[in-house]
Amino acid sequence: MTTRLKSAKQKTPPKKPLAALFGFLASLQLAILLLVSMIIIFSTGTIIESLHGTNAAKILVYDTPWLEIVFLLLAVNLTASAFSRWPWQVRHVGFVVTHLGIILVLAGSFVTKKWMLDAQMPVEEGKTEYRVIVDEPMVYLFADGESWPMPVKKKAFSWQGRETLKPEEGKTAPVQVQLLNYYPKGRLHESIESAAAGPAAVQVLLENSFIHQEQWLIQNDPELGRVQMGPVEMTLTDQPLSHAGSASQEQAYLEFRWPDRVRQVPVSKDMKLPFEATLDGTDWRVRMDAVYQRAMIEGSVLAEQAQGPDNPAVVLRFEGPDGVSEKHTVFANYPDFPTQHGMKPSASGAKILYRLPGGQASKTQSHELRFVVQDGALKYQQLSGSEFKEGPLQAGDKISTGWMGLEFTVKAFHPHAVRRRFFTPEPNTSESKQAFPAVQVELEKDGQTRTLWLAQDMPEALNWNGQDLRVVFGKKRKPLDFKLTLRDFRVEEYPGTERPASFESDVTLRDDFRGLQKDARIAMNEPLSYQGLRVFQASYVRTPGEPDISVFAVAYDPGIFLKYLGAVVMVAGIVTMFYTRRFSTVKGMGE
Amino acid sequence: MGKGKVRAPNKTVIQTPSRRGQACLAPTARDDKVLLGDLNNFLFLSLRVRRVFEGRSNLRAKPSRLPRRPLKSSGLLAMTIVALLSCYSNAAYADSALDRLGEVPVQHGGRIKPFESFAREAVLYVTGKFQFQKKDPTQLVWEWISQPEKWDAQPLIPATFPALTQEFGVKAIRGRVSPEVVLGDPDFLKKTQQAMALRADKEKLSQLDQKRLEVYEKALFFRSIGEGSAPGWIANPDDPRASWLTLQSLTTGEGQALLAGKYPPDKVARVMETLKPVLLGFREHERPDPGAVLDWSAALNELATSGNVLLPRSLLQLEVRYLRLHPFSRAWPCYLAAVFLGMLAALVGSKKSGSVRAAKRGYDHPVVAIHELPLQAGAAQRLFSAVSLGLFLAGFILHSYGFYLRCLIAGRPPVSNMYESIVWVSWAAAFFALVLSLCLRAPMIRNFSGLVAALALILAQKFPALLDPSITPLVPVLRSNLWLTVHVLTITLSYGAFALAWGLGHGTLFRFISRPSEETANLRLCQYTYRAIQIGVILLASGTVLGGVWANYSWGRFWGWDPKETWALIALLGYILVLHGRFAGWLKPFGFAAGSVLAFLGVVMAWYGVNFVLAAGLHSYGFGGGGAPYVAAVCLVDAVLVAGLSFLEWSRKTW
């Protein structure tokens with residue numbers, strides 16, 4: 001009986017080098033060598049992935065040219081060993097078919113790798129998108145309405161060095177960009193330092209037996225100008241709060257809140273309605289028309305209930321200069337509810353609140369801590385319910401608020417400060433919300449240089465001798481042939497939990513070129529196919545108060561037919577082979 | 001049973017036609033002789049055992065054969081055993097008050113389940129044990145509900161992590177702390193807050209912090225039960241997806257107002273009235289009056305009916321039956337007993353097989369010439385074999401039944417976490433062994449698979465903290481029954497075949513060492529290993545491809561180097577390597593057996609390692625932690641064992 005090994009040996013007479021090469025390529029030795037090396041390579045790949053993340057494994061193992069060479073060798077080995085049995089006989093069928101199947105799968109993978117598209121496409125609810133994000137890092141430079149995309153070579157680990165970034169399509173950018181640092185994951189640090197000019201900044205430590213938290217506040221900063229920490233709202237501003245009002249702790253009151261003013265008007269049970277009052281120091285008047293203890297909408301009218309849960313509410317008219325007259329309905333339990341019909345904000349710019357005595361309902365409690373900078377000096381104001389307190393402040397002062405044992409200390413105070421951002425390398429596998437892919441670039445023009453840290457998808461703007469530049473580090477965006485509009489996005493949860501059971505998107509696909517518009521539903525395991533591309537429901541982003549973002553995966557795989565065909569052929573071959581092989585008998589086993 | 005499926009041996013079996021198909025246990029005129037034969041065989045056996053111990057077991061052994069079709073009698077036996085075990089389960093649950101309470105439907109964890117199911121999950125989660133203070137879980141959880149302040153002070157929650165135990169100091173009693181201690185310790189709470197802040201920022205947590213959070217969450221969960229805010233008892237008639245109302249909401253004004261709007265007030269009042277005696281019963285007598293429980297469950301039922309809430313009692317009953325019968329923990333003793341008797345049969349058979357002259361009649365189905373055997377030995381061997389097969393079948397039926405019940409309860413193939421996959425893989429190993437042993441007429445295959453299956457089931461039952469037996473909902477991407485069934489079941493079936501090959505491989509290795517002279521029998525066992533690997537390779541290859549098809553269908557790519565798929569490929573390559581090594585002649589039968597044992601390590605890695613050690617990739621649904629050092633140790637011991645046996649074999653051949 002001829003075994004593969006023997007036949008391979010028979011066809012390798014040592015004299016002819018070509019035949020010897022063919023013999024080696026067809027040999028079982030090479031097959032076993034390849035099997036062993038693949039086992040080692042793949043397991044190394046998974047270990048790298050576990051330790052250093054998917055991207056590192058791809059860069060170091062799976063997407064390398066040498067792995068392609070291993071696969072090529074495998075294909076050659078499979079082909080050669082199949083032809084070494086020529087002319088084939090019936091007993092070779094299983095073996096030849098199996099090898100053919102594997103070759104087809106390898107060919108399919110090659111086709112896929114060369115021409116595939118594997119991209120992400122986040123679409124906000126109500127918005128239309130035609131671009132997809134592919135996993136290729138880029139630095140984009142924008143100036144004067146023009147853009148210069150510059151590809152960045154992917155790095156597996158934190159990298160330091162110097163690499164010139166060249167714009168695509170041979171364009172010349174207004175500034176030279178050099179890559180200095182590349183962190184696949186970098187931790188964002190922010191230092192706030194004293195400077196000659198800039199907004200004021202304070203560092204506050206808030207503590208009691210449960211909380212011990214430090215926080216920077218920056219004057220008029222959209223992010224750090226006003227910060228909510230636990231029950232306390234902290235503000236750093238140059239406008240002191242002017243507080244006036246006659247409300248006491250034991251009484252319910254209406255509160256009118258402007259950014260720099262608070263006015264309080266007591267609401268008492270035995271007050272004669274309608275009750276009018278002017279707000280001191282403003283041009284605004286209020287007239288209370290109705291006060292409810294258990295308000296409920298009946299029909300479309302608000303009315304007092306005899307029974308039922310408490311729902312205190314006040315209906316009032318708010319009148320000001322220029323003949324403004326607004327009707328507001330204020331609910332004590334729902335301070336965030338719009339008070340004016342049609343969800344309009346008040347023309348006065350004030351927010352109106354109905355507060356109950358002694359924080360009767362916890363939702364009505366608010367504690368405001370306001371740091372005021374005037375002429376380089378700091379003072380604090382604290383407002384809790386109707387209680388108001390203020391005083392001068394210096395760095396290092398510790399002041400007790402009287403709320404839940406909370407004390408605050410000003411750790412640092414800079415009348416003028418700058419914010420500096422930088423990154424430190426972080427393990428690739430870090431999932432911290434403070435860790436982002438980040439690069440440091442150096443911009444150069446006419447001998448002048450500037451370095452800049454860029455976190456992924458966080459644009460930085462700078463002014464270069466009067467020219468406005470914007471630099472973004474992000475992934476490459478590619479246009480599709482069609483547009484997708486996300487009409488609706490739904491998540492269904494398992495009953496009684498917040499665990500998602502399924503999620504799906506209603507989209508409208510629009511192809512201007514082919515003149516087509518159609519509605520479709522994309523759900524888990526139910527993709528949308530169009531022109532060879534498939535759009536999958538991948539994930540979603542849900543932030544309270546913001547529209548949902550549905551994330552699609554867009555894929556194009558031209559090699560899939562070859563792979564499916566190869567897989568079927570391969571499995572058929574294995575079955576045939578096992579059915580006819582000689583080790584199926586004890587006798588064969590003994591050989 | 002199964003007569004048609006069993007292929008008659010194509011080589012002639014020398015049997016007297018009158019005996020063909022005759023049941024071994026059927027009463028015959030030779031009953032007394034059978035008994036005598038048993039006695040006789042017992043003596044032979046003791047002789048045999050002594051010889052084994054004396055190390056002179058050079059009797060020419062033959063693998064035990066089943067000379068006739070024992071299926072009918074074995075099948076009957078299996079049915080009897082299953083029936084007996086089922087009766088036992090019903091008898092064990094005689095306390096009708098608890099019984100009734102256990103059957104009340106509640107909503108928790110995204111699923112509606114009988115209270116008993118919730119109670120078991122809750123006790124397991126909070127205490128880390130199936131039973132605490134030997135109390136029935138339903139009883140214990142009701143005591144938590146009725147006397148929260150008493151149990152709040154009991155050391156319920158395990159805090160065995162050394163640094164944590166140290167932090168709790170004297171407050172930890174035998175490695176456990178009470179919810180009161182956990183939630184009343186400002187220092188602990190402060191550190192927990194910090195850990196939670198870190199977790200909210202998705203920072204990496206230290207192991208101590210993880211354990212701290214675990215303890216904290218367990219204490220909170222206990223409190224939520226004590227306060228009556230978990231589980232949900234009363235369905236929302238307007239929306240089947242909404243949370244059910246809890247006991248706590250029955251007592252608050254808000255909850256009552258909500259109920260009043262949805263259900264007739266008299267029915268609501270009835271539920272509250274009937275609850276009181278139940279609580280009182282637990283408080284004062286440790287157990288309520290069955291009548292009170294009946295009233296309460298009836299009141300709840302009526303309430304649901306009055307709101308037109310339809311709850312399929314049959315499914316709930318099925319889950320109760322599953323919990324109480326607990327088929328898996330009954331299956332493994334059957335398997336073990338089958339293995340024991342199967343070995344007895346083999347011993348008895350080998351004792352007498354010296355006179356058999358059938359060795360030359362063919363390798364595939366060598367035949368034991370029954371009429372040449374002394375009657376006693378043959379009868380005893382037949383008896384043992386038949387009983388062994390019966391026990392194996394009983395175990396297998398229970399195993400399958402448990403699986404079937406779980407399928408019905410979960411509404412999907414139960415292969416989505418480690419516990420379920422271990423149960424399924426062991427089932428597959430038993431199934432393939434049954435098929436192979438009947439097709440190849442080789443009962444010894446069952447012995448090895450019986451061991452493998454029993455081992456797996458014991459493992460699944462004994463480590464509840466690692467292998468959570470509760471039925472939980474699936475993540476969205478897995479909610480495709482067709483693909484889940486086709487892909488995952490194929491892959492895990494292949495694991496089953498490989499597990500069988502692993503067991504058979506060990507058997508082959510031991511046999512080569514212990515009985516080197518019995519070449520044919522050794523080779524035969526090796527061939528069975530080969531068969532199991534063939535099945536496994538076909539299934540794993542197709543399963544991996546099917547996984548690619550699903551991935552293409554669901555994620556848009558056929559192959560993405562995800563660790564789970566990569567390791568499935570590595571495991572496959574490992575077996576292909578062994579097959580090619582054997583094919584090239586580099587691996588002799590012994591080496592082949594050793595290779596098939598070692599190649600199983602690849603399966604262990606793909607199956608367990610990816611989820612519990614690498615913990616990376618898209619197949620992250622079953623991710624968990626723990627146990628890695630033990631698994632690694634077992635793998636290492638196995639590898640060392642193979643190396644040791646190989647060394648023995650090598651030195652035997654060399655010297």
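Modeller: A charge sits over a ring if NZ of Lys or CZ of Arg is within 6 Å of the ring centre and within 35 degrees of the ring normal. In this predicted model, A:R470 lies over the face of A:F142, 4.9 Å from the ring centre. A further case is A:R450, whose charged end sits over the ring of A:W464 at 5.3 Å from its centre.

Colleague: Which conventions apply to these values?

Modeller: Residues are numbered from 1 along each chain as its sequence is written, while chains are lettered from A and ligands numbered from 1 in the order in which they are written. Because the model is predicted, local features need pLDDT of at least 70 and side-chain atom pairs count only at pLDDT 80 or more, whereas totals for chains, interfaces and linings use all residues; side-chain values use heavy atoms, with hydrogens and water left out.

Colleague: Which strands of chain A form a hairpin, and how many residues lie between them?

Modeller: Strands are DSSP runs of E with at least two residues, helices are runs of H or I with at least four, and both are numbered from the N terminus; two strands pair if DSSP finds at least two bridges between them. Here β28 (residues 460-464) and β29 (residues 467-493) of chain A pair in the antiparallel sense over five bridges. The two strands form a hairpin with two residues between them, and A:N465 in the turn has a positive phi of about 45 degrees. Within this pairing, A:L462 stands opposite A:L469 in β29(A).

Colleague: How many aromatic pairs are found over all chains?

Modeller: Rings of Phe, Tyr and Trp (its six-membered ring) pair if their centres lie within 6.5 Å; planes under 30 degrees apart count as stacked, over 60 as edge-to-face and the rest as tilted. The search of the whole structure finds 46 such pairs over all chains. The rings of A:W86 and A:W88 have centres 5.0 Å apart and planes at 70 degrees, so this pair is edge-to-face. By contrast, A:W284 and A:F318 are stacked, at 4.7 Å centre to centre with 25 degrees between the planes. A:W284 lies in the loop between β13 (275-278) and β14 (285-292) of chain A and A:F318 in strand β17 (residues 313-319) of chain A, so the pair ties together parts that are 34 residues apart in sequence. In chain B, ring pairs link a cluster of B:F115, B:F118, B:Y125, B:W142, B:F221, B:W233, B:F282 and B:W296.

Colleague: Is A:W86 buried or exposed?

Modeller: Buried means under 20% relative accessible area, exposed over 50%, and partly exposed in between (1.4 Å probe, protein chains only). A:W86 is exposed at 52%, and A:W88 is partly exposed at 36%. A:W284 counts as buried at 10%, as does A:F318 at 0%.

Colleague: Which residues touch the most other members of the largest nonpolar core?

Modeller: In soluble globular proteins, nonpolar side chains tend to be buried together. A nonpolar core is a set of buried Ala, Val, Leu, Ile, Met, Phe, Trp, Tyr and Cys residues joined through side-chain atoms within 4.5 Å. The largest has 148 residues, of which A:F42, B:Y335, B:I445, B:L500 and B:V537 touch the most other members. Its largest share, 16 residues, comes from helix α20 (residues 481-514) of chain B. Contact means heavy atoms within 4.5 Å; A:F42 touches residues including A:Y62, A:F71, B:W561 and B:L573.

How values were computed. Lists of a residue's contacts leave out its neighbours within four places in sequence.
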